[in-house]
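Subject: Structure for you to look at

Hello,

Here is the structure I said I would pass on. My notes on what was found in it follow below.

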Amino acid sequence: MTAVAGGTSAAEGAGSGEDAFLAAFDAAVAAEERIEPRDWMPDAYRATLVRQMAQHAHSEIIGMQPEANWITRAPSLRRKAILMAKVQDEAGHGLYLYSATETLGTGRDELLDKLHAGRQKYSSIFNYPTLTWADVGAIGWLVDGAAITNQVPLCRCSYGPYARAMIRICKEESFHQRQGFELLLALSEGTPEQHAMAQDAVDRWWWPSLMMFGPPDGESAHSAQSTAWKIKRFSNDELRQRFVDICVPQAEALGLTLPDPDLRWNEEKGGHDFGTVDWSEFQAVLKGNGPCNEERITQRRRAHEDGAWVRDAAAAYAAKQAAGSDEKAVAA
Ligand SMILES: [Fe+2]
Ligand SMILES: [Fe+2]
């Protein structure tokens, strides 16, 4: 801390106190201890977590929309039951993450207001449309698969409530990934038309899935600090590479091809080389110009307004219960 001429001793005392807190925080992070809600933490660490966790929570609930489009059109009762369970899981993920964000002192109402006003983002992948039933499979296999690759390291995130929420979320995401794979396998091994439908879905979802890992390492604005704080454990490019290497043998097992002529095994690096992601498309979707940005946020606002009576009823019930227990307390 820089000494300020004429500064009071009290101010200096407060400053050195903060230095001690910061040293304790840094030591805890270095020792792989979890930071808990009651612990002191730097304002920027708190703000980074709120931004990341809110974006994650928003992605979970907006992500319900593209797949929910197919619930009424699922081809069998079994597929409908599976899809309903999956979409409900995503609502649950949103709930865990909003609750985890509340431990940082930011309420869910505030976060939802920011989402609805376009001041906080959600994953751009959900701004693409689900054109056929096979898209439900491609989302499960590729989008949930990419989410798992991103999120497994978050189970070791330095912030305790986020890390613990991610453990359960990752277990559920694994089921989502497998149901997508199984759905695509059934289509791939079905009629020629079903096989073509599965291939078309993979062709459309492959590149947006690679974009889910964020911009290349050199252009990633928040990565270095998040890595130092042990919120982030691997770089965007490392995770993207890992995802490609996982998907290639799975695509072979599915009997489907990945739409990248540059995809090939590189013995020297022990991983696959792959083509360049179209980052101009990523930036366009991020800026709100994807195929479904407007539709997604309009639907989200409508769902929030339609649910106002539930929130009002819950608040009225809680007030009534509290008044009742006050009366009992007075009577006693
Ligand atoms: Fe999820
Ligand atoms: Fe999922």
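A donor here is an N, O or S atom within 2.8 Å of the metal, and because water is not among the atoms, a site may look incomplete. Please also keep in mind that this is a predicted model.

On that basis, the iron ion (ligand 1) is coordinated by E60 (OE), E90 (OE), H93 (ND1) and E173 (OE), at 2.0 to 2.2 Å. Its 4 donor atoms make angles of 87 to 138°, and the site is irregular. The cut-off matters here: four donors count as tetrahedral if all angles lie between 85 and 135 degrees. For reference, the ideal angle for four tetrahedral donors is 109.5 degrees. Along the chain, the donors of the iron ion (ligand 1) are spaced as E-x29-E-x2-H-x79-E. E60 sits in helix α2 (residues 43-62) and H93 in helix α4, so this pair ties together parts 33 residues apart in sequence. E60 counts as buried because its relative accessibility is 6%, and H93 is buried with a relative accessible area of 0%.

The iron ion (ligand 2) has E90 (OE), D144 (OD), E173 (OE) and H176 (ND1) as its coordinating residues, at 1.9 to 2.2 Å. The site of the iron ion (ligand 2) is also irregular, with angles of 87 to 154° among its 4 donor atoms. Its donors follow the spacing E-x53-D-x28-E-x2-H. Of these, E90 belongs to helix α4 (residues 77-102) and D144 to helix α6 (residues 134-151); the two are 54 residues apart, and the pair links distant parts of the chain. Both E90 and D144 are buried.

What connects the two sites? E90 bridges the iron ion (ligand 1) and the iron ion (ligand 2), and the two ions lie 3.4 Å apart.

Now the chain as a whole. The protein chain has 13 helices and 2 strands, and its C-alpha trace spans about 75 × 65 × 35 Å along the principal axes. Of its 332 residues, 45% are buried. Among contacts with a separation of 6 or more, 77% are between residues 24 or more positions apart.

In soluble globular proteins, nonpolar side chains tend to be buried together. Leaving out residues up to four places away in sequence, Y162 touches L49, Q52, M53, H56, L97, L154 and C157.

A28 and H176, C-alpha to C-alpha, are 35 Å apart in space and 148 residues apart in sequence. A28 is buried, with a relative accessible area of 12%. Beyond four places in sequence, A28 touches E33 and I35.

Last, confidence. The average pLDDT of the protein chain is 92, and 95% of the residues score at least 70. Where does pLDDT stay under 50? That is the case over residues 1-13, for which the model has 5 contacts beyond four places in sequence.

Regards

Definitions and conventions: Residues numbered from 1 in each chain as written. Chains lettered and ligands numbered in written order. Predicted model: local features only at pLDDT ≥ 70, side-chain atom pairs only at ≥ 80, totals over all residues. Heavy atoms only, no water. Donors = N, O, S within 2.8 Å, 3.2 Å for Na, K, Ca; no water. Tetrahedral: all angles 85-135°; square planar, octahedral: opposite > 155°, others 65-115°. Helix = DSSP H or I, 4+ residues; strand = E, 2+ residues; numbered from the N terminus. Buried < 20%, exposed > 50% of the residue type's maximum accessible area, 1.4 Å probe, protein only. pLDDT = per-residue confidence, 0-100. Contact = heavy atoms within 4.5 Å.
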